[in-house]
Amino acid sequence: MFVFLGYLMFLQELFFVCEEASKQPVAFVGGFVAGVLRLDIHDEPLSSWLQSNRRY
């Protein structure tokens, strides 16, 4: 029973991630690659790119 609930919660979170990725696929892939390569967000050129692409 607990395994099924855990699986259901995982699918719910996975759906949320896929939904957000489909809204802005370039930003999602860029963030994923930056995370995999362990890039520091305070180093250039990543820092200036983040500054120019803020949506606040």
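1. Read along the sequence, the pattern of the protein chain is α-α-α. The radius of gyration is 16 Å, well over the 10 Å that the globule rule gives for 56 residues, so the chain is more spread out than a compact globule. That radius is taken over C-alpha atoms, and the globule rule is 2.2 Å times the number of residues to the power 0.38. Helices (H or I, at least four residues) and strands (E, at least two) are DSSP runs, numbered from the N terminus.

2. A word on the basis. This is a predicted model: local features need pLDDT of at least 70, side-chain atom pairs count only at pLDDT 80 or more, and totals for chains, interfaces and linings use all residues. Residues are numbered from 1 along each chain as its sequence is written, and side-chain values use heavy atoms, with hydrogens and water left out.

3. Extent and surface. The C-alpha trace spans about 50 × 20 × 15 Å along its principal axes. Of the 56 residues, 7% count as buried. Buried means under 20% relative accessible area, exposed over 50%, and partly exposed in between (1.4 Å probe, protein chains only). The chain exposes about 5400 Å², and carbon and sulfur atoms supply 68% of that area. Accessible areas come from the Shrake-Rupley method with a 1.4 Å probe; for residues, only the protein chains shown count as cover.

4. Charges. The protein chain has 4 positive and 6 negative charges, and their mean positions are 4 Å apart. Lys and Arg count as positive, Asp and Glu as negative; His and the chain ends are not counted. Each charge is placed at NZ of Lys, CZ of Arg, CG of Asp or CD of Glu.

5. The salt bridge count comes to one. The rule asks for a side-chain nitrogen of Lys or Arg within 4 Å of a carboxyl oxygen of Asp or Glu. Glu-20 pairs with Lys-23, with the closest N and O atoms 3.4 Å apart. Both sit in helix H1 (residues 2–23), three residues apart, so about one helical turn separates them. Glu-20 is partly exposed at 34% relative accessible area. Lys-23 is exposed at 54%.

6. Nonpolar patch. Phe-16, Val-17, Phe-28, Val-29, Phe-32, Val-33, Val-36, Leu-37 and Leu-39 make a nonpolar surface patch of about 850 Å². H1 and helix H2 (25–36) are the elements that give two or more residues to the patch. H2 supplies the largest share, five residues. Patches take residues with over 30% relative accessible area and no salt bridge; like charges are joined within 9 Å, nonpolar side chains (Val, Leu, Ile, Met, Phe, Trp, Tyr) within 5 Å. Leu-39 lies in the loop between H2 and helix H3 (46–52). Leu-39 counts as partly exposed, at 46% relative accessibility.

7. Backbone points to check. Most residues other than glycine have a negative phi, and most peptide bonds are trans. Arg-38 is not a glycine, yet has a positive phi of about 55°. Arg-38 is in the loop between H2 and H3, and is exposed at 77% relative accessible area. The peptide bond from Glu-44 to Pro-45 is cis, with omega near 0°. Pro-45 is also found in the loop between H2 and H3.
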